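Okay, thanks everyone, let me put this one up on the screen.

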Amino acid sequence: MTAIELDSVTKRFEDVTAVDGISLAVEPGEFLVLVGPSGCGKSTTLRMIAGLETVSDGSLEIGGERVNGVEPKDRDVAMVFQNYALFPHMTAERNMTFGADAARDISESELSKRAAEVAEMLGIEDLLDRKPAALSGGERQRVAIGRALVREPSVFLMDEPLSNLDAKLRIQMRTELASLHRRLQTTTVYVTHDQTEAMTLGDRVAVMNDGHAEQVAPPQELYDRPATRFVAEFIGEPAMNVFPVEVHGDSVVHDTGLEVPVSADEMAAQDGIDAADLGVRPEDIGIAPLDDAPAGTCTATAEVTVTEPLGDSLLVHCRLGDETVQVSTTPRATFEPGERVALTVDADRSHLFDRETGEAVYHAPKTAVGSSEDRTQRADAVAPGAGGEEIQ
Amino acid sequence: MAVEDSSITSESATVGLPDTLWVHLSLVVSIVLMGAPLLLALLMSTQSTAQIYDVTNLAPGGYALENYQSALFEYDLARYIVNSFVMSIIVVVGKVSLSLLAALAIVYYDFPYKDAIFAFVLLTLLLPVPVRIVPLFELMADLGWANSMLAITGPYIASATAVFLFRQHFLSIPSSLVETARLDGVGPIEFLVDVLVPMSRGMIAGVSVITFVYAWNQYLWPLIVVSDQQKQVVQVGISYLQSASQAGQTQWGLIMAGSILALSVPLVVLVALHRPLLETFALQQK
């Protein structure tokens, strides 16, 4: 098992900086996912680890050795590409063995034995004689993964390997990849733009934006305690609601009069900021008809604009002052566009972000990861759909 | 809906017959016009000289065997065809191998002034052999290659067109294939032989056909550089037939038989490889 370490790694293409001083440590045997919007530098980072792009600045280590100038073939890494990168004129078996054949001295029989083992593991024994054109998308991807496995590399690199598959197959392959990694325990770096894939596969997830890592953390921590506003909005579907508030000592107040209490102790540490952005996830906002409105500070009146039934939950878009707020509620609730409703923010699950830097300045106490109280609370307070959102 | 549609089409087909008739008629006329020289040559190769000079006589004559036999053996066309064939094969193999290597270098290697070098290669298109004939002749004489197979093949081995076609084809191969090979440590020659060549089969066949026909049709350069009639190629061989006359009349039957013989070899190659050839041109249009 091999560790990878990136220390202030930078990649510049002429006058564009694609990766801007990223520092990451991938533990031996870990499954690390790089996730971010297109153009955030995640693929470039992966390609630098592979050696397909040179490193402009900083240091890159694989297995404790600096590999900045080392040829791709000498890094002992195997990569799975989005478009599978299978050789169209070779059979599936030859595709799987061709690279390993070139990489090192292996006898023909050893190689085909290994290919057969891998094919069995991936359930493609019957396809070995076929050429890629005669394989479906999922089968091709299996062959591509098989090729990487036959190499027995110390690091797997995967560049959006599931993006070309249809939704159903993608979910199936995702599960297979997860169990494959559990079995092999090979250090893996996986690039995706799909946050669900990132959350489900990664031991840890690095959320990237604009060439740097915003936060590197286990999936649930990303969701519960996002380090920046970007992470908060990127992770979670539908996205977290974020709107500007004024900070008044032990509470924050929105223009519409919505007031949410915050822990004064934590806010005191923030050195008297008077304005911030309040972040609340759609499932952490309660919605009720006006005459049913619970009394309390965290409530405000809003108008329903659109409702989206998602089956396991109902997503209600509301207009709160100038903001559009998304609220996730029980699937069979009846709200009509134009209706006036009362929104109640769960103060225990709110976040505050610095308006300038976007950094999180406050997380409500119950966002702490892993407390058993946290679990039961969530089950009570949150609409049934919420749990489904996370693991979709 | 579908039923209605089909009834409309069949109706308009019958009503519109005069229109399509004109189209077909003009197509037939142009095909006949284009095919006429070939058909006439084929016809004349069966006639005696007297029959040919009787212009209105368009019936096949009975002299086919005589004409072909005499062209092939009496006038040595068989030897010239073999010479042409050997020359063409050498040119095809040389040109394709060299162009593959050049395209490999231009597409997959990073070296300074890469684009300028490729532009320079393309620039050689402006200087075909006939333009360089005098200095080329001197060069062949200096090298001692004159009057040999080397002289009629050497100058044709390098080809900007083939380099260009292979380069375009290589560029259309997804870069992830190259990157996979790099990660696996596949060497450049191994990559060329095991990946690029099998993936370029259609393009190679297409370039080979074009090159074969082009080499086969060379006339001026062999005429100049080869002085030994035994080593001459078929196109020049046909011109030798012209000097054969019978009672002051050019033996057109003989010449036409020679011409038909000369064009039959590239025709066979063309028919055998027409599919990849069409692919090549389709790719060029991209």
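**Where the two chains meet**

So, 16 residues of chain A are in contact with 14 residues of chain B, contact here being C-beta atoms, placed from the backbone, within 7 Å. On the chain B side, α10 (175-184) and α11 (188-199) each give at least two of the touching residues, and α10(B) has the largest share, seven residues. By type, the chain B side splits into seven nonpolar, three polar and four charged; nonpolar is Ala, Val, Leu, Ile, Met, Phe, Trp, Tyr, Cys and Pro, charged is Asp, Glu, Lys and Arg, and polar is the others, Gly among them.

Before I go on: this is a predicted model, with local features needing pLDDT of at least 70, side-chain atom pairs counting only at pLDDT 80 or more, and totals for chains, interfaces and linings using all residues. Residues are numbered from 1 along each chain as its sequence is written, while chains are lettered from A and ligands numbered from 1 in the order they are written.

Now chain A. We have 11 helices and 21 strands there, meaning DSSP runs numbered from the N terminus, H or I of at least four residues for helices, E of at least two for strands. Its C-alpha trace spans about 75 × 45 × 40 Å along the principal axes.

Last stop, Arg319(A), which sits in strand β17 (residues 314-320). Buried or partly exposed? Arg319(A) is partly exposed, because 14 other C-beta atoms lie within 10 Å; 20 or more would be buried, 12 or fewer exposed. Glu303(A) is 16 residues from Arg319(A) in sequence, yet 5.1 Å away, C-alpha to C-alpha.

Notes:
Contact = placed C-beta atoms within 7 Å.
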